[in-house]
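Please look over the sequence and the model shown here before reading on. The report that follows moves from the whole chain to single residues.

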Amino acid sequence: MTQEELDSMMDSDVDMEGVELPEAAETEVEKVAEADEGSKSATWPPPAPTDDNKMVTQLDDVTRESELKASEIFDIIEQIGEDLMNAESRISEAIETTSRNVEMLTKLHQSFPSIKTFESSLAETTRMKEALESEAAMLQDNGDQIMNIMDIMQYQDIHRQKIERVINVMRALSKYMNTLFSSDKDDSTRVDSATHIFGDNNTEDVMDNDDIEALLASFGSK
């Protein structure tokens, strides 16, 4: 429906109660009604502006602590990565030494096949070499996982930037609202507002006629 069609309908004498809204429109109307009911049932007045209720202050604390903890995590991950690299280097040296021993024992076994010591030593050294190669592969995989963790941790900084952007928008809105509602007139010069005006429902603290007559009677009896 265009704006012109809507204006024409509003200006005409159409019975709006008889108009059937599309299902999507009815859903939106129900959502608005529910939101309105929720606002009516909200606690009033709102919480006092203490440090625990200051949203920007809490968000500032979140971003500061998040950045601090992320830095600590990066330091730990970096240290683990260095330890893995050092362990991988030491295992590589052990693999090279074991490989030379395997070559030597293979030649000895081929030259002296009847000597069982060479055969058993060759089998044991070969198993050790395979075990070291397996450990080296595991360390390399863990090193790759460490790099993946550091890449994932980059999202922590992105989330911090998003929160900071929200803070900046909230602060800009706060300054705008303060400027919008500001006045050159000092509040001390303003007339006090009436406690109750016509149409108020909550007037429990207002005395009715019977209360006033009872009060006057009490003054007359003294």
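What does the accessible surface of the protein come to, and what share of it belongs to carbon and sulfur atoms? The accessible surface is about 18,600 Å², and 55% of it belongs to carbon and sulfur atoms; such areas come from the Shrake-Rupley method with a 1.4 Å probe, and for residues only the protein chains shown count as cover.

The model is predicted, so that local features need pLDDT of at least 70 and side-chain atom pairs count only at pLDDT 80 or more, while totals for chains, interfaces and linings use all residues. Residues are numbered from 1 along each chain as its sequence is written, and side-chain values use heavy atoms, with hydrogens and water left out.

**Overall build**

The protein has 5 helices and 0 strands, where helices (H or I, at least four residues) and strands (E, at least two) are DSSP runs numbered from the N terminus. Of the 222 residues, 10% are buried, a term for under 20% relative accessible area, with exposed meaning over 50% and partly exposed in between (1.4 Å probe, protein chains only). Among the contacts (heavy atoms within 4.5 Å) with a separation of 6 or more, 68% are between residues 24 or more positions apart.

**Core and contacts**

The largest nonpolar core has 11 residues in all, including Ala70, Ile91, Leu132 and Met153; such a core is a set of buried Ala, Val, Leu, Ile, Met, Phe, Trp, Tyr and Cys residues joined through side-chain atoms within 4.5 Å. H3 and helix H4 (116-180) each supply at least two residues of this core, and H3 gives the most, with 6 residues.

Thr63, placed in helix H3 (residues 55-111), is buried because its relative accessible area is 7%. The table sets its contacts beside those of the core residue Ile91, not counting residues up to four places away in sequence.

| Residue | Residues touched |
|---|---|
| Thr63 | Arg160, Ile163, Glu164 and Ile167 |
| Ile91 | Leu132, Glu135, Ala136 and Leu139 |

**Aromatic pair**

Rings of Phe, Tyr and Trp (its six-membered ring) pair if their centres lie within 6.5 Å, and planes under 30 degrees apart count as stacked, over 60 as edge-to-face and the rest as tilted. By this rule the count comes to 1 aromatic pair. Phe112 and Phe118 form this tilted pair, with 6.2 Å centre to centre and 55° between the planes. Phe112 counts as partly exposed because its relative accessibility is 43%.
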